[in-house]
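Have a go at each one before you read its solution.

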Amino acid sequence: MEPPTIINDDASSANEIELGSGFGNEESTSLNDDLSTKPEPQEEEEPKERGFSDPRLRPFVIISITYLLFTVTDGAIRMIVLLHAYNKSFSALQVAFMFTLYELAGVFTNLAAGIAKDLTKLGGKTVTKIVTPEGRHTRLFQLVSLLTGWKNSLKGVGYFLGSALLEVSYEAALGFMIGLIVIAMPFAIFGLDKNLGTAKKKNSSLKEIFVLDNFNLNVLSLARLFLFASRDFWFEVPLPFYLRSPNCLALGPFFPCSPQDIDQCTTGAVCDPTLDYCTNVNEGGGCGGTGLGKVVVGAFLGGYIILYGQVQSWTPQLVTNPLQQTPPNKVTEVFWGMINCFPTMVGAIVVYASGVFVDYILGGMIAWLVVIIVTFAIIFAINSSIHSFLVVKYAKSDKVATSVGFYYMSNAVGRLVGTLGSGFLYTYAGGQVETLGGYAAGNDARLGLAACFVAGTISSLLAAVITIWIKDDDAGLKCGSCCTLVQPKSTDAIQQEEAADASPQETTGNTERSALSA
């Protein structure tokens with residue numbers, strides 16, 4: 001009888017152990033017979049092309065479907081609430097306060113991320129089970145990249161969808177969002193194991209969540225706060241309000257109208273039947289903007305979100321790799337953080353002082369805003385991508401989930417600060433506009449948006465300056481193969497950075513443990 005062969009499945013050993021070789025007695029024969037009659041349980045061979053039918057991928061597929069559906073509603077509900085509130089004459093500050101609860105929910109949700117340690121470990125085991133040497137690393141990364149790309153794209157679609165549905169009615173828009181949630185819920189309720197993500201050990205305490213002993217992570221988190229505030233100081237509330245607000249010079253007694261002819265007034269204005277002249281739909285929303293329709297405003301914001309997400313996904317391939325800035329370090333982020341100041345700085349100068357905006361040349365105004373929004377989206381996405389890498393690099397190897405949760409809590413705080421600050425600036429920075437004939441048209445939206453751009457620029461600058469404190473500049477900074485902006489400290493430092501790129505969590509953990517033992 002041919003002696004049975006046991007294959008060692010441990011990746012660290014490829015040796016085969018032949019039982020019976022060298023035994024030469026009854027005991028060895030008995031053992032061989034037992035093994036022959038009771039074949040060892042072998043791991044089921046994984047089909048090569050099972051795709052989404054793989055039962056181990058089932059939780060991932062279900063969560064992905066529900067997550068993407070909820071992502072659409074996330075973007076859509078923002079536009080529905082904001083644009084409906086605008087039509088109901090809510091000021092920018094009042095709408096900013098409405099979004100406060102939403103942003104606070106983001107703060108506490110990310111704060112609780114440390115509780116999900118077992119879910120993270122479950123994900124790690126699932127990945128280990130799925131990934132095999134036959135190229136499945138590539139497949140896994142493609143799958144995750146696809147989900148990330150669709151997530152950002154669908155959020156942008158949600159912005160457009162929400163504004164378009166609002167053209168039908170407010171109730172219809174909300175009903176459609178409820179329908180999407182109803183579609184998503186059965187997948188999660190009946191398709192997932194009730195124990196999925198349940199913590200089997202003691203939950204993290206607040207002391208463990210606030211990882212104040214990790215200097216680099218804490219500095220990066222503070223920089224993240226100001227980085228995202230630099231966007232929300234002008235994007236979430238001021239930009240759509242400005243895009244909706246009408247021309248100040250087309251309002252008041254010198255522009256008579258009839259309630260029966262709605263086309264007599266400029267977009268963003270309405271014919272007041274008691275006054276018989278064109279008035280502002282929302283005086284609290286200001287005047288002096290582009291007066292665009294709801295759907296166009298949704299397209300502006302949705303296009304930004306889609307562009308931002310796609311650039312963020314392709315930053316390593318299209319930006320940092322060609323510039324030889326991979327893996328990025330703190331100097332890389334300082335470099336791009338400084339560049340992040342320019343779009344909003346230019347925006348502030350142009351909106352405040354350019355004749356295109358002062359003299360209300362509508363085509364030029366829209367062109368300038370498109371250039372500013374697109375440029376900021378690209379640069380901001382690069383910064384966000386670098387931040388996402390650095391947080392994993394600086395997180396302690398045994399506290400990744402907790403550290404990332406603390407980091408993204410700072411992200412949510414930054415959005416909260418930016419949203420509230422933008423409401424105050426947009427509402428009060430411009431002062432009241434009084435048109436010919438004595439009509440009070442509302443606050444000056446042009447000056448309000450310019451002030452918000454200034455705040456965004458200052459916030460970007462603070463984020464870059466704070467990043468300088470991080471202790472991670474040994475590898476220097478290149479800008480392509482022919483230009484070195486910051487010389488590396490030593491060859492050893494470059495090798496350490498390359499090793500960190502291969503396993504950032506492990507390298508960071510080993511370094512910290514070495515420092516503690518020393």
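**Exercise 1.** What span should the 27 residues of helix 10 have at 1.5 Å a residue, and how far apart are its end C-alpha atoms?

*Solution.* Before starting, note that this is a predicted model, where local features need pLDDT of at least 70 and side-chain atom pairs count only at pLDDT 80 or more, while totals for chains, interfaces and linings use all residues. Residues are numbered from 1 along each chain as its sequence is written, and side-chain values use heavy atoms, leaving out hydrogens and water.

Step 1: find the helix, residues 294–320. Helices are DSSP runs of H or I with at least four residues, numbered from the N terminus.
Step 2: the expected span is 1.5 Å times one less than the number of residues, so helix 10 should span 39 Å.
Step 3: the end C-alpha atoms of helix 10 are 37 Å apart, which agrees.

**Exercise 2.** Where in helix 10 does a kink of about 70° lie?

*Solution.* Look at Trp314, shortly before the proline Pro316. The bend is the angle between axes fitted to the seven residues ending at a residue and the seven starting there.

**Exercise 3.** At what angle do helix 8 and helix 16 pack, and which residues meet?

*Solution.* Step 1: helix 8 (residues 215–232) and helix 16 (residues 445–467) pack at about 165°, with axes 7 Å apart. Axes are lines fitted to C-alpha atoms over the stretch in contact, and angles run from 0 to 180 degrees between N-to-C directions.
Step 1: helix 8 and helix 16 are therefore roughly antiparallel (angles over 145 degrees count as such).
Step 2: in helix 8, the residues that meet helix 16 include Val219, Leu222 and Phe226; their partners in helix 16 include Gly456, Ser459 and Leu462. Contact means heavy atoms within 4.5 Å.

**Exercise 4.** What is the angle between helix 11 and helix 16, and which residues make the contact?

*Solution.* Step 1: helix 11 (residues 330–339) packs on helix 16 at about 165°, with the axes 8 Å apart.
Step 1: helix 11 and helix 16 are therefore roughly antiparallel.
Step 2: among the contact residues are Lys330 and Glu333 of helix 11 and Ser460 and Leu461 of helix 16.

**Exercise 5.** How closely do the axes of helix 8 and helix 14 come, and at what angle do they cross?

*Solution.* Step 1: the axes of helix 8 and helix 14 (residues 362–394) come within 11 Å and cross at roughly 160°.
Step 1: that makes helix 8 roughly antiparallel to helix 14.
Step 2: the contact includes Asn216 and Leu217 of helix 8, plus Phe376 and Phe380 of helix 14.

Key: Helices (H or I, at least four residues) and strands (E, at least two) are DSSP runs, numbered from the N terminus. Angles under 35 degrees count as roughly parallel, over 145 as roughly antiparallel, 65 to 115 as roughly perpendicular and the rest as oblique.
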